[in-house]
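Have a look at the sequence and the structure first, and then read on.

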Amino acid sequence: DSPAVKINAVRDTYGAEVKLCKPTQEAREAMSAEVVAGIRAEKGEEKAEEIHPNQDLRVINGQGTIGLELLEQQPDIDAVICSIGGGGLISGVATYLKAVKPEVKVIGAEPERARSAYMSKQEGKLVKNPPNTPIVTIADSVKSSLGANSYPIVEKLVDDVFIVTEDEIEDATRFVMERAKQVI
C-alpha cells in the first residue's frame, strides 16, 4: 500500500531491496521479522537488528528532539497537534514537552479510519485497529495502532486525541499547498 514515489525513493535513491507484503500492520511486522531472521541466518545474529518504527524506545526517544526544536523555535508555545498512528512520534514529543514545559497541551490528530489512539483514550485501555485489516486512508504514514510501548505514554502524557475525516484531511492538505506552498 506504499505509494510508488516512496517505493522508488527507497529502491532507486537509496539502493535498498524493497519487500512488498499485504497492507496490514501484522503483515508488515511479519515481513520485517522474516527479513531480519534471514539476514541473521545468512550473516550472523549480530548482523541484523529489528527496529520497530513506532514501538522501539530508541525511536520514541529520538522523536523527542522534535519537542526540543519546537521549544527552541517557539518558547511560548501553548499546544502542539501531532499526527498519530502507532504513537511513536507523539510519545517522544509528549515525553520531552511534558518534562520541560508541562503546561503545553499535546494533542493527537488521527484519521477516522485508523482510530486506535482515539478509542484507547476514550476507553482508558489499549484498543488496536481490527487485525489483518487494511486501513484505507489518504494519511498513509499513520496506518497502524498504538502498541505496548506507545500506549502508556499516550495515555499518561497526551492531553487529547481527535479524529478527522478523509474530506478534512484532503481539505487541510489542499489548504497547506495553496496557502503555504508546501506539499505534505
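Which residues in H4 meet which residues in H6? On the H4 side they are Gly 88, Ile 90, Ser 91, Ala 94, Thr 95 and Lys 98, and on the H6 side Ser 150, Ile 153, Val 154 and Leu 157. By kind, the residues of this contact divide into 5 nonpolar, 4 polar and 1 charged. Please keep in mind that this is a predicted model.

**H4 with H6**

- The axes of H4 and helix H6 (residues 150-157) cross at roughly 45° and come within 9 Å.
- At that angle, H4 and H6 are therefore oblique to each other.
- The hand of the crossing of H4 and H6 is left-handed.

**H4 with H3**

- H4 also packs with helix H3: residues 57-73 form H3 and residues 88-100 form H4, and the two meet at an angle of about 55° with their axes 7 Å apart.
- From H3, the contact takes in Ile 60, Gln 63, Gly 64, Ile 66, Gly 67, Leu 68 and Leu 71.
- Facing them from H4 are Gly 88, Leu 89, Ser 91, Gly 92, Val 93, Tyr 96, Leu 97 and Val 100.
- The residues of the contact of H3 with H4 divide into 9 nonpolar and 6 polar, with no charged ones.

**The sheet**

- An open sheet is built from 3 strands in the order S1-S2-S3, and their pairing is parallel.
- Strand S1 (79-83) and strand S3 (160-164) are the edge strands, each pairing on one side only.
- On average, neighbouring strands of this sheet are turned by 25° against each other, direction ignored.
- Strand S2 (residues 105-111) pairs with S3 in the parallel sense over 5 bridges.
- Pro 111 has Val 164 in S3 as its bridge partner.
- Helix H5 (residues 116-123) lies across S2 and S3, and runs at about 135° to S3.

**Val 183**

- Look for Val 183 in the segment after helix H7 (166-180).
- Is Val 183 buried or exposed? Val 183 is exposed, because its relative accessible area is 72%, and the cut-off for exposed is over 50%.
- Val 183 and Thr 173 are 10 residues apart in sequence, and their C-alpha atoms are 7.6 Å apart in space.

Technical notes. Residues are numbered from 1 along each chain as its sequence is written. This is a predicted model: local features need pLDDT of at least 70, side-chain atom pairs count only at pLDDT 80 or more; totals for chains, interfaces and linings use all residues. Side-chain values use heavy atoms; hydrogens and water are left out. Helices (H or I, at least four residues) and strands (E, at least two) are DSSP runs, numbered from the N terminus. Buried means under 20% relative accessible area, exposed over 50%, partly exposed in between (1.4 Å probe, protein chains only). Axes are lines fitted to C-alpha atoms, for helices over the stretch in contact, and angles run from 0 to 180 degrees between N-to-C directions. Contact means heavy atoms within 4.5 Å. Ala, Val, Leu, Ile, Met, Phe, Trp, Tyr, Cys and Pro count as nonpolar, Asp, Glu, Lys and Arg as charged, and the others, Gly among them, as polar. Two strands pair if DSSP finds at least two bridges between them. Angles under 35 degrees count as roughly parallel, over 145 as roughly antiparallel, 65 to 115 as roughly perpendicular and the rest as oblique. A crossing is left-handed if the near helix is turned anticlockwise from the far one by less than a right angle, and right-handed if clockwise.
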